[in-house]
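Please read the following report alongside the sequence and the structure. It begins at the surface and then turns to aromatic rings.

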Amino acid sequence: MASQKVTSALAAIESTPHQPTKLQQYNDLLNEVVSSSSGDELAQDIVYYLDSILNEDMSIVAARPLLDSFITVLRNFDPEIKIKVGQHAVTLLQSRATSVEEQDAQIREILADAYESQEEYVSAARSLQGINIDSSQRLVSDAAKARLWIRIVRYYLEDDDTTSAEAFLNRIKNLPSKLEDHDAKLYFQLSQARVLDARRRFLDAAQEYFNVSLAPGVDEGDRLTALAASIRCAVLAPAGPQRSRTLSRLYKDERASSVDEFSILEKMFLDRLLNADEVAAFAQKLAPHQLAVTADGTTVLDKAVIEHNLVAASKLYENISVDSLGSILGLKESGNLSAGEKAEAYAARMVEQGRLRGRIDQIDGVISFDTDATAISASKSNGASLRQWDMGVQGLAEDVERVAASITDQFPVGSVT
């Protein structure tokens, strides 16, 4: 409940017929309330003040300068009071928003700042989403739209709501003009990397993080943070030629040795087997979504390490039994599947997807890996076989042609057609 002094003053102002005098009285009262009230009483007094200046009897022309004065003092309030009175102002303006779009936008931005200071990121994002940026009454440039949407993206990412964040990232992508502001462009890249990371598109995320680590104007500490994030995503990506190229690029970066993730990066790049202790230490640096359990009951990290160790084993052995491979990969029997059967399933999937070269003899339970030398030899052998086949086909065609010519010579009237 507002103080008696404020309610009496508002009643007297509302009965004043002279408009200029009325506006001056409202401003004087606002200044007096701000200087003499505090805490809950201040919030209640301002709420009553807003109800008075935004009632239906007050013309929108007269309300605009009063709203401007209110916005000036609103910026100096504590976050709790900003939220209470700012939200009330936004609610009151909903029916008149088209006439006071600039003031509504300013109040919503102040409200978002207050929510951010209280770590209420979804509420901050929703406050900004209410700003009308497509009105003919208020021209908003593409650059201003991009800055607004990037801020909304940041809030949603702080709350790990990547779905909503991605929706606003797509709006930025669809803007007619490109981002020119360096900071906005940089944060767009970083946000895109975080969304790709959350979507488990780790190779794409690794590339975006790496681009951020190379961008000009970024603090050296932030560069290394982005580089470390790129390495983590590369480690979590599915094993195969694409990941190998990404690991190579990161390993050859002279800054890589400065981050904690370099040890596991080096082992993966050199196709060395990873042990459980190394994996456990690396897991401590991962975000919750990077340790999520997949459909087969393993984590994203478990799957990435198993596939890497399988590729590493293919560099050490020409062939190996599936049971021995299961032991090397650290697989455990579960359900109806033995460790060897799990190893065989992983290998079969990678061979099928072209991420591992080899053959599986299910009868003998042996996996044979194709080394580079074997692959080259097989390629040459296949080439020789094809040439031999071509020569055979050519010889057969020539023989048929000779037989047809001979028949034609012997029987010219009834020649073969």
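Leu 273, Leu 316 and Tyr 317 make a nonpolar surface patch of about 270 Å². Leu 316, which lies in helix α16 (residues 300–316), is exposed, with a relative accessible area of 57%, where exposed means over 50%, buried under 20% and partly exposed in between (1.4 Å probe, protein chains only).

This is a predicted model, in which local features need pLDDT of at least 70 and side-chain atom pairs count only at pLDDT 80 or more, while totals for chains, interfaces and linings use all residues. Residues are numbered from 1 along each chain as its sequence is written, and side-chain values use heavy atoms, with hydrogens and water left out. The mean pLDDT (the predictor's confidence in each residue, from 0 to 100) is 85 for the chain, and 94% of its residues reach 70 or more.

Rings of Phe, Tyr and Trp (its six-membered ring) pair if their centres lie within 6.5 Å, and planes under 30 degrees apart count as stacked, over 60 as edge-to-face and the rest as tilted.

| Pair | Centre to centre | Between the planes |
|---|---|---|
| Tyr 156 and Phe 168 | 6.3 Å | 25 degrees |
| Tyr 251 and Phe 262 | 5.7 Å | 5 degrees |

Tyr 251 in helix α13 (residues 241–251) and Phe 262 in helix α14 (residues 262–269) tie together parts that are 11 residues apart in sequence. Tyr 251 is partly exposed at 24% relative accessible area, whereas Phe 262 is buried at 19%. Tyr 251, Phe 262 and Phe 269 form one aromatic cluster.

Technical notes: Patch = residues over 30% accessible without salt bridge, like charges linked within 9 Å, V, L, I, M, F, W, Y side chains within 5 Å. Areas by Shrake-Rupley, 256 points an atom, 1.4 Å probe, with all protein chains shown as cover. Salt bridge = Lys/Arg side-chain N within 4 Å of Asp/Glu carboxyl O. Helix = DSSP H or I, 4+ residues; strand = E, 2+ residues; numbered from the N terminus.
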